[in-house]
Amino acid sequence: MKIIIINGPNLNLLGKRETQIYGDQSFEEFFLMIKQKFPQVTLSAFQSNIEGELIDKLQEVGFSYDGIILNAAAYTHTSVGIGDAVKAIETPVVEVHISNTLSREEFRHQSYIAAHAKGIIQGFGLQSYELALQSFLA
Ligand code: DQA
């Protein structure tokens, strides 16, 4: 099973960025752990701060992979383009957020991805990614 985690802007700063919200673990550290925990999955990860690169990656993997775990970060709330890409591809996408965006500022309540996603997991810290992965294995 081929699954990719796609992370949007500022998620390269996990472990350093607003640790009271996003925790103090780096994504690299977490990714190594999750790869070891799920050896049966061919798991890869991609991060970009650039909207178009995220769309390019969704198109690249979106007709051959078994699952996409997408945390589009701030672009979740602004990007019609990423929402359209998720709608256009065949691979199911689980939208993930580390924080519970519905308990935060109102502008974070809007998602251009949610309507096209298979499901949404948010608010469980980095464990949100793991829960999303489990949803593909279930
Ligand atoms: C986030 C929530 C977004 O509102 C925010 O812009 C992020 C991270 C999360 O994982 O909690 O960068 O997607």
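Guide: Let us start with a term: a nonpolar core is a set of buried Ala, Val, Leu, Ile, Met, Phe, Trp, Tyr and Cys residues joined through side-chain atoms within 4.5 Å. Please keep in mind that what you see is a predicted model. In the largest nonpolar core there are 23 residues, and those that touch the most other members are Leu43, Ile69, Tyr129 and Leu133. Two or more residues of this core come from each of the elements S1, H2, strand S4 (93-97) and H5.

Visitor: Which residues does Tyr129 touch, not counting residues up to four places away in sequence?

Guide: Tyr129 touches Ile5, Asn7, Leu11, Phe27, Phe30, Ile34, Ile69, Asn71, Val96 and Ile98.

Visitor: Which residues of H5 are buried, and what do they pack against?

Guide: The buried residues of H5 are Ser128, Tyr129, Glu130, Ala132, Leu133 and Phe136. Those buried residues pack against S1, H2, strand S2 (42-47), S3, S4 and strand S5 (119-122).

Visitor: Why is H2 called roughly parallel to H5?

Guide: The axes of helix H2 (residues 27-37) and helix H5 (residues 127-137) come within 11 Å and cross at roughly 30 degrees. Angles under 35 degrees count as roughly parallel, and therefore H2 is described as roughly parallel to H5. The crossing of these two helices, H2 and H5, is right-handed. On the side of H2 the contact is made by Phe27, Phe30, Met33, Ile34 and Lys37, while H5 brings Tyr129, Glu130 and Leu133. Sorted by class, the residues of this contact of H2 with H5 are 6 nonpolar, no polar and 2 charged.

Visitor: How do you know whether Ile89 is buried or exposed?

Guide: Buried means under 20% relative accessible area, and Ile89, at 9% relative accessibility, therefore counts as buried. Ile89 is found in the loop between H4 and S4, where it touches Leu58, Gln59, Gly62, Phe63 and Ile68, not counting residues up to four places away in sequence. The C-alpha atoms of Ile89 and Ile5 are separated by 15 Å, and the two residues are 84 residues apart along the chain.

Visitor: Why is Arg17 called buried?

Guide: The relative accessibility of Arg17 is 17%, so Arg17 counts as buried by the cut-off of under 20%. Arg17 lies in the loop between strand S1 (2-7) and helix H1 (19-22). Leaving out residues up to four places away in sequence, Arg17 touches Pro9, Asn10, Leu11 and Tyr22.

Visitor: What makes Gly23 partly exposed?

Guide: Partly exposed covers what lies between buried, under 20%, and exposed, over 50%, and Gly23 has a relative accessible area of 26%, so it is partly exposed. Gly23 has its place in the loop between H1 and H2. Its contacts, not counting residues up to four places away in sequence, are Gly15 and Glu18. Although Gly23 and Gly125 are 102 residues apart along the chain, their C-alpha atoms are separated by 7.2 Å.

Visitor: What is phi of Asn10 and of Ala73?

Guide: Most residues other than glycine have a negative phi. Phi of Asn10 is near 75 degrees, a positive value in a residue other than glycine, and phi of Ala73, likewise positive in a residue other than glycine, is near 50 degrees. Asn10 lies in the loop between S1 and H1, and Ala73 is found in the loop between strand S3 (67-71) and H4. With a relative accessible area of 35%, Asn10 is partly exposed, whereas Ala73, at 12% relative accessibility, counts as buried.

Key
Residues are numbered from 1 along each chain as its sequence is written. This is a predicted model: local features need pLDDT of at least 70, side-chain atom pairs count only at pLDDT 80 or more; totals for chains, interfaces and linings use all residues. Side-chain values use heavy atoms; hydrogens and water are left out. Axes are lines fitted to C-alpha atoms, for helices over the stretch in contact, and angles run from 0 to 180 degrees between N-to-C directions. Helices (H or I, at least four residues) and strands (E, at least two) are DSSP runs, numbered from the N terminus. Angles under 35 degrees count as roughly parallel, over 145 as roughly antiparallel, 65 to 115 as roughly perpendicular and the rest as oblique. A crossing is left-handed if the near helix is turned anticlockwise from the far one by less than a right angle, and right-handed if clockwise. Contact means heavy atoms within 4.5 Å. Ala, Val, Leu, Ile, Met, Phe, Trp, Tyr, Cys and Pro count as nonpolar, Asp, Glu, Lys and Arg as charged, and the others, Gly among them, as polar. Buried means under 20% relative accessible area, exposed over 50%, partly exposed in between (1.4 Å probe, protein chains only).
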